[in-house]
Amino acid sequence: MPSILITGASRGFGRELLDVYASSQWTLFPLVRDPQVAEQLANQYAPRCFPIVGDVSCDSIGNVITDVLTKQNASLDVLINNAGHIVKNRGILGVSTRDLIEHFDVHVAGVWRCTVAALPFLKKATKPVVVNITSRFGSIGRIARRKSDFVYGYNIAKAAQNMLTACMARDLGRDGIKVIAVHPGQLKTSAAALDADTDPHVAAEKLDDFISHLDSSTECRMYDLMKGEYIEW
Ligand SMILES: NC(=O)c1ccc[n+]([C@@H]2O[C@H](COP(=O)([O-])OP(=O)(O)OC[C@H]3O[C@@H](n4cnc5c(N)ncnc54)[C@H](OP(=O)(O)O)[C@@H]3O)[C@@H](O)[C@H]2O)c1
């Protein structure tokens, strides 16, 4: 059975992704912060669900991922770096140093920590894929055309995550690992934007389909999942 690690799988988009991959009989490695949620998921999706409990903004997450994947002798087909944090304070005076660092820690360092830990297991798979869940608000091209309404911490962190994705795509590509950035659409989750219009379950099904059609010709770019087109970095 193929296997998948999804970060931020307790709720929102990550939770829907878990549901979609569970219904296709994948082996699941949901990363969640709350041990009680982990237990619920393990029971709900038994016998193929092995939760990883930890916070992507802590360096210790690497060892936790390694322990769980090693115990299951996993070869990892897909890693979805989905865990997300947003504080919607707007404008340059609305952001604090702490906000900036916390966003960076989850969206950039968190993605890096989880990917580094997952690497040996991804290398064991035949066609491994890493999907970094980004946002249209991380597109420098788009933001440069906007007049107002800047959420500094989130926008900057997602733009930096995009750079990480571009670097990883080249680097890990040499080992046959495909890396891509996906904007999932305007999802109706707790992190929803004002124009949220998409059921996260529908988006999760679409992402499953998109990943299953990736091939060697797919370039590392930023993909708008619901529009079905690439968007500028
Ligand atoms: N919603 C949208 O319209 C939209 C649009 C573009 C991009 N995105 C991106 O899509 C991803 C999922 O967003 P969502 O809408 O599903 O948000 P959400 O409903 O707020 O869920 C966020 C998830 O991330 C987890 N998380 C947050 N900080 C974490 C940390 N430090 N370590 C581990 N897990 C952590 C949360 O876990 P807890 O339950 O423990 O808090 C939760 O499972 C995010 O990367 C977001 O930036 C969302």
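**View 1. Residue classes in the lining of the largest cavity.** In this predicted model, the lining comprises five nonpolar, four polar and no charged residues (Ala, Val, Leu, Ile, Met, Phe, Trp, Tyr, Cys and Pro count as nonpolar, Asp, Glu, Lys and Arg as charged, the others, Gly among them, as polar). The lining residues are T7, V56, N81, N82, A83, V106, G110, V111 and C114. Four of them come from α4, which gives the most. The volume is about 40 Å³, the space filled by probe spheres set on grid points joined across faces, edges and corners. On a 1 Å grid over the protein atoms alone, a cavity is a set of points where a 1.4 Å probe fits but cannot get out; lining residues have an atom within 4 Å of a point.

View 2. An N or O atom in the side chain of T189 lies 2.4 Å from a ligand oxygen atom. A backbone N or O atom of G8 is 3.1 Å from an oxygen atom of the ligand, and a polar backbone atom of V56 is 3.0 Å from a ligand nitrogen atom. A polar contact here is a pair of N or O atoms within 3.5 Å.

**View 3. The shell around the ligand.** Of 27 residues, S10, F13, D55, Y154 and T189 come nearest (near: a heavy atom within 4 Å). The shell divides into nine nonpolar, 14 polar and four charged residues.

**Notes.** Residues are numbered from 1 along each chain as its sequence is written. Local features need pLDDT of at least 70, side-chain atom pairs count only at pLDDT 80 or more, totals for chains, interfaces and linings use all residues, and side-chain values use heavy atoms, with hydrogens and water left out.

Technical notes
A polar contact is a pair of N or O atoms within 3.5 Å; within protein, one must be able to donate a hydrogen and the other to accept it, and residues adjacent in sequence count only if both atoms are side-chain atoms. On a 1 Å grid over the protein atoms alone, a cavity is a set of points where a 1.4 Å probe fits but cannot get out, and a pocket is an open set with protein on both sides within 12 Å along at least five of seven lines; lining residues have an atom within 4 Å of a point. Helices (H or I, at least four residues) and strands (E, at least two) are DSSP runs, numbered from the N terminus.
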